[in-house]
Amino acid sequence: MTIYIMAKKSIAFILLSFVSFQVLAQQAGLQPYAPSAAEVANAYQLSTKLDTALRNIPTNNDLIPFWKKDGSAFWYKKNLPNKTWEYYNVDAATGKRKAAFDHAKLAQNLEKVTGKKQNPLKLQFAELYFADQGNTAKLKMQNNWYLLNLNDYSLTNTNDTSIYRYNAKRPLQQRRSRWQRNRESRKSPDGKSEILIRGGNLFVIDLATKTETQLSTDGNADKPYGEFAWSPDGKNIVAYKIDPKEIKKVHYVLSSVPGTTRGELKSREYAQPGDDFTAYQPYVFNIAAKTAIKVDADPIDFFGAPELHWRDNNSRYYTYEKVDRGHQRFRVIEVDVLTGKTKNIIDEKTKTFIYENRIYTRYLPKTNEILWTSEQDGWQHLYLVDALTGKQRLITKGNYVVKDIDSVDVVKREVWFRANGMHAGEDPYFIHYYRIGFDGKGLVNLTPEKGNHNLSFSPDRKYYIDTYSQVNVPPVSELRLTASTKKINEIEHGQATIYLATGVKLPEVFVAKGRDGITDIWGIVCFPSTMDPSKSYPVIENIYAGPHDSFVPKSFLPASEMQSIAELGFIVVQIDGMGTANRSKAFHDVCWKNIADAGFPDRILWMKAMAVKYPNADISRVGIYGTSAGGQSSTGALLFHPEFYKAAVSACGCHDNRIDKQWWNEQWMGYPVGPHYGEQSNISNAGKLEGNLFLIVGEADENVPPESTYRLADALIKANKDFDILSIPGMGHSDGGIYGRRRKRDFFVKHLLHAEPPNPNLLVQ
């Protein structure tokens, strides 16, 4: 990918120059928006008023069903304007919807029973379940249970609190984290023996006779044995000789603890890139023979002792997963407990990185198979692996991303999964739901409509509810049959008119080519509701370029901080540039050892192209803001691209990847820690600052150590650079809360509109 991008530099430069020329031509004759003090004050009032109005209109982007046990019906709560709601019941077979009850009658009778005033449109139930044929219901309110007769709305107290609970929003099949530590059980599978660790060594105790059998002799307090697991037949124990490494600490001071006169020091363990890891060398101990076999494998020095997967009805072979530090190799390793010999069932290597948080593995011991996701063909896809031979078969294929696995039907040999990018002509980030056979045949799209989908099933999976929307298209909820995907009925259909009546302009989707001149870059644009077509407005980018995901909203979004800022006289955008996830492997690889890139070449081209379509966008006045990784990127915009970005607000940024958490930064910046870490550091490059910078940090940040921001401030001071900084006592990892967000707006008004924001110190309280 890098070579390809380099080859396209001339194309990108020509395109950049051409777009710049077009922008200047289109903006000719437009007057920069330069509000008076009164206009700024009015804009702040309008922004608050509009934001409040929009947030009082519910989007219902997610319909949460509460199903009857037999799957014949469900009820749900529909949010209404002004923080009110109603309850509805739906018959699954017909899809017919009706009010779950007479809200006014129920409120009236609840008042009699509880002695408290009840708003029919604000009935709050801790529990609610409809029984029989919809004639009765159980409900819990204010810690009391009642039986409701829906024929006459009489309420009686009940001690019968048994109801059927089914959370339709839980994952279809629960699974442990791939890096969750091995489940330790001291007792043997037959319950007759127990493991004991004493003096760093491994013992087995016969619970009936209390006889001890010592299995290891070379352990000690400094390098003990531990993290053990029994073989299914109880004849062997897998355990690890551990080489512990101390996790170094980070510190912060709480400056303003109530009732104290001194700062309070807080310290905690926090591994940073390059720090040593505890290592685990696997051994197999045979209890009867009292033998120890060192497994023929390197120590596990990353993520700790893994979960073991045994063959079905076979205690001789187990597999475990291993990621090499540096994130460039992932293996499923098989171990023969009789010999300690190993072989790789899966062995994936890459020159960039393997994003193992996205890897899915599901072990099928009865058929000796493994379901596994990998980007080895350039896209995240699903494979079926023979667990005996390692032979792989591609299940899904194409230029799209298998986002996650919802469930596996081992009887029908089907996988139910979510993916994005499969359908031409729509946003490649839209999530759709599918099922497919293990053989790669019989692909079924459960969510055929255009949009970003959210799906849930009935308890028996006979039915499902599909809710979908787009950033500027309100949500639709449909009830469908799982077997055929046939739509039974539309349950809800949102309308844009109620939002547009407030005067808001819904976000617009914009697409432009990236740095290679080929790849589509997707983003959204928020405009002020009072935009004057004869004037040009500064552009502000909301950035989060963390490589672990993509971030531009895809579901209906009438209200947001971006829209609220836009109302002050800005055009606010959000973009997913190269280096973020959920596209091809090559698209993602741009971030490798290159976090400072943050997709800026794509973002800048996108904004230049956006200004051609929307000439009211003044890209000579561009600001940027972000939090956490976005805080790092927003400062980086001023340091590495000062010709384009003029003002930045950076909250709790990771300004040097050597200071931040180990697991995140080594994933993208690589291991070992090399010169590129320092070369891309905001702190190392502080002397390059040209624009206006505002730093925000919470003194109690336990995600990104606050010294990351303080060290940047120190470097800026030493470089004799002007900047603003806000340190908020007691606050953790945050954009500054209500106060910080207000200060952010004031900063952009001052530096991009060249106007004075309202002074809260002078306002009448």
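Asp602 has a relative accessible area of 0%, so I count Asp602 as buried. The model is a predicted one, which I keep in mind throughout.

**Entry: Asp602 and its partner**

Arg515 makes a salt bridge with Asp602, with the closest N and O atoms 2.8 Å apart. The two sit in distant parts of the chain, 87 residues apart: Arg515 is in the loop between β35 and β36, and Asp602 is in helix α8 (residues 600–613). Arg515 is at 8% relative accessibility, so I log Arg515 as buried too.

**Entry: other salt bridges**

I then took the total, and the count is 38 salt bridges. Is Glu334 buried or exposed? Glu334 is buried, at 6% relative accessible area.

Next I checked Arg358. The side chain of Arg358 meets that of Asp549 in a salt bridge, 3.3 Å from N to O. Arg358 lies in the loop between β22 and β23 and Asp549 in the loop between β37 and α6, so the pair ties together parts 191 residues apart in sequence. Asp549 comes out as partly exposed, at 24% relative accessibility. I also noted a network: Glu449, Glu478, Arg480 and Lys487 are joined by salt bridges that share partners.

**Entry: around strand β39**

I moved to β39, which spans residues 617–627. Nine of its 11 residues are buried. Which strands does β39 pair with? Strand β37 (residues 535–542) pairs with β39 in the parallel sense, over six bridges. In that pairing I found Ile624 of β39 as the bridge partner of Glu541. Strand β40 (residues 647–651) also runs parallel to β39, over five bridges. There Gly626 stands opposite Ser650 of β40. I traced the path onward: β39, helix α9 (residues 629–640) and β40 make a right-handed β-α-β unit.

**Entry: a three-stranded sheet**

I found an open sheet in the order β10-β11-β12, with antiparallel pairing. Its edge strands are β10 (193–198) and β12 (212–214), each pairing on one side only. The twist from one strand to the next averages 30°. Strand β11 (residues 201–206) is joined to β12 by three bridges. Here Ile205 stands opposite Glu212 of β12.

**Entry: aromatic rings**

I counted rings next and got 37 aromatic pairs. Tyr225 and Phe285 pair edge-to-face, 5.6 Å centre to centre with 80° between the planes. Tyr225 is in strand β13 and Phe285 in strand β17, 60 residues apart. Both Tyr225 and Phe285 are buried.

Phe353 and Trp592 form a tilted pair, at 6.0 Å centre to centre and 40° between the planes. Phe353 lies in the loop between β22 and β23 and Trp592 in the loop between α7 and α8, so the pair ties together parts 239 residues apart in sequence. Phe353 is buried at 1% relative accessible area, and Trp592 counts as buried at 14%.

I noted one cluster of Phe66, Trp75, Tyr87, Phe101, Phe125 and Phe130.

**Entry: charges over rings**

Last, I checked for charges on ring faces. Arg97 lies over the face of Tyr88, 4.1 Å from the ring centre. The charged end of Arg461 sits over the ring of Trp416, 4.2 Å from its centre.

Conventions. Residues numbered from 1 in each chain as written. Predicted model: local features only at pLDDT ≥ 70, side-chain atom pairs only at ≥ 80, totals over all residues. Heavy atoms only, no water. Buried < 20%, exposed > 50% of the residue type's maximum accessible area, 1.4 Å probe, protein only. Helix = DSSP H or I, 4+ residues; strand = E, 2+ residues; numbered from the N terminus. Pairing = 2+ DSSP bridges. Right-handed = clockwise from strand over helix to strand, strands pointing away. Salt bridge = Lys/Arg side-chain N within 4 Å of Asp/Glu carboxyl O. Axes fitted to C-alpha atoms, helices over the stretch in contact; angles between N-to-C directions. Phe/Tyr/Trp six-rings, centres within 6.5 Å; stacked < 30°, edge-to-face > 60°. Lys NZ or Arg CZ within 6 Å of the ring centre and 35° of its normal.
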